[in-house]
Amino acid sequence: MAVSKQCKSVLCFFYVGLLFTSGILMFGGCIYLSYKLFSFTHTFKFAPAECVGPFVLLTLLAITHCVISRFGYNGATKDNLKHILWFQMGLAGHMICEIAIGIWSIILNRKAAVTSTVMITDSFNSFISDNYHKSSWESLQQELQCCGIDHPNDYKILNPSSGFIPTACCETDPCTRLFQHGCKDLTIQSVKKLLLDITFISFGSALFMMLGIVCFCYLRKAIKQQTKAEISEKRRAPGEASRMTK
């Protein structure tokens with residue numbers, strides 16, 4: 001059973017509404033994930049700053065989701081073929097960009113473990129030897145509920161003379177129990193999870209763009225067929241009128 005042109009217009013209009021809503025939701029989600037990642041890349045400096053790149057780009061694309069929705073709205077409600085074409089081109093551009101962002105996130109995910117390990121180890125050694133990055137380590141250990149690089153004994157191994165363990169490692173107050181997990185693995189897991197989240201969002205959004213391209217292709221075809229039928233009807237009308245007068 002063929003789907004009418006009006007039904008296709010309604011479905012495309014519904015898609016445009018979803019696209020606009022998804023842009024708002026994706027913008028909010030990317031801002032939230034970027035904030036969480038920012039603490040590891042800039043506040044603690046335990047993850048490479050380049051990890052922020054995919055989040056920033058996807059946030060900008062989320063804004064343009066709402067912008068190109070205007071063309072889709074005109075195409076679905078006013079049968080504007082030119083705006084439908086522009087809308088499809090915009091969707092295709094978004095799809096390519098979001099696939100690229102997803103691939104970039106996968107590459108960064110694989111590099112995160114090695115790079116973060118080096119950064120965390122260097123920072124911890126500076127903290128033990130020169131008391132640098134003290135506030136960062138205190139905040140990190142409280143936030144992730146961890147202690148040292150791999151375990152609490154890192155403090156005693158790297159500084160056997162004092163063996164001092166900061167109160168940030170304490171699980172209870174008074175300090176009778178320490179956090180047993182090291183901060184390195186928990187930090188790497190957190191960063192990799194954030195990158196994985198942005199990967200899923202990117203690929204999911206790219207699939208949604210592809211769906212829109214297909215939907216508007218059918219609408220564009222239906223509009224052309226309707227226009228062609230209307231032109232043929234107008235051409236037949238004078239001939240039928242002349243035959244009736246005879």
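Reader: Buried means under 20% relative accessible area, exposed means over 50%, and partly exposed lies in between (1.4 Å probe, protein chains only). On that scale, is C146 buried or exposed?

Author: C146 has 0% relative accessibility, so C146 counts as buried. Please note that this is a predicted model, in which local features need pLDDT of at least 70 and side-chain atom pairs count only at pLDDT 80 or more, while totals for chains, interfaces and linings use all residues. Residues are numbered from 1 along each chain as its sequence is written, and side-chain values use heavy atoms, leaving out hydrogens and water.

Reader: Which residue forms a disulfide with C146?

Author: The partner is C183, and the two sulfur atoms are 2.0 Å apart. A disulfide here is a pair of cysteine sulfur atoms within 2.5 Å. The torsion about the S-S bond of C146 and C183 is about 95°, so this disulfide is right-handed.

Reader: Where do C146 and C183 lie?

Author: C146 sits in the loop between α4 (134-144) and α5 (154-158), and C183 in helix α6 (residues 183-245), so the pair ties together parts that are 37 residues apart in sequence. Helices (H or I, at least four residues) and strands (E, at least two) are DSSP runs, numbered from the N terminus. C183 is buried too, with a relative accessible area of 0%.

Reader: How many disulfides does the structure hold?

Author: The structure holds three. Another one joins C147 to C169, with an S to S distance of 2.2 Å. This pair links distant parts of the chain, since C147 is in the loop between α4 and α5 and C169 is in the loop between α5 and α6, 22 residues apart. The angle about the S-S bond of C147 and C169 is 90°, a right-handed link. Both C147 and C169 are buried.

Reader: And C170, which cysteine is it joined to?

Author: C170 is joined to C175, S to S 2.0 Å. Here the torsion about the S-S bond is about -90°, so the disulfide of C170 and C175 is left-handed. C170 is buried, with a relative accessible area of 12%, whereas C175, at 44% relative accessibility, counts as partly exposed.

Reader: What is the pairing when the bonded cysteines are numbered in sequence order?

Author: For the protein chain, the pairing is 1-6, 2-3, 4-5. C30 is in no disulfide, and the nearest cysteine sulfur, that of C66, is 12 Å away. C30 counts as buried, at 0% relative accessibility.

Reader: Turning to the helices, at what angle do the axes of α1 and α3 cross?

Author: The axes of helix α1 (residues 5-43) and helix α3 (residues 81-130) cross at roughly 35° and come within 14 Å. Axes are lines fitted to C-alpha atoms, for helices over the stretch in contact, and angles run from 0 to 180 degrees between N-to-C directions. The crossing of α1 and α3 is left-handed, a term used if the near helix is turned anticlockwise from the far one by less than a right angle, with right-handed used if clockwise.

Reader: Which residues make the contact?

Author: Y15, V16, L19 and M26 of α1 and F87, L91 and E98 of α3 make the contact, where contact means heavy atoms within 4.5 Å. By class, the contact of α1 with α3 has six nonpolar, no polar and one charged residues. Ala, Val, Leu, Ile, Met, Phe, Trp, Tyr, Cys and Pro count as nonpolar, Asp, Glu, Lys and Arg as charged, and the others, Gly among them, as polar.

Reader: How do α2 and α3 cross?

Author: The axes of helix α2 (residues 52-78) and α3 come within 9 Å and cross at roughly 165°. That makes α2 roughly antiparallel to α3, given that angles under 35 degrees count as roughly parallel, over 145 as roughly antiparallel, 65 to 115 as roughly perpendicular and the rest as oblique. α2 passes α3 in a left-handed crossing. The contact of α2 with α3 has 14 nonpolar, 11 polar and one charged residues by class.

Reader: Lastly, which residues does K184 touch?

Author: Not counting residues up to four places away in sequence, K184 touches T117, I120, G148, I149 and D150. K184 lies in helix α6 and is buried, with a relative accessible area of 18%.
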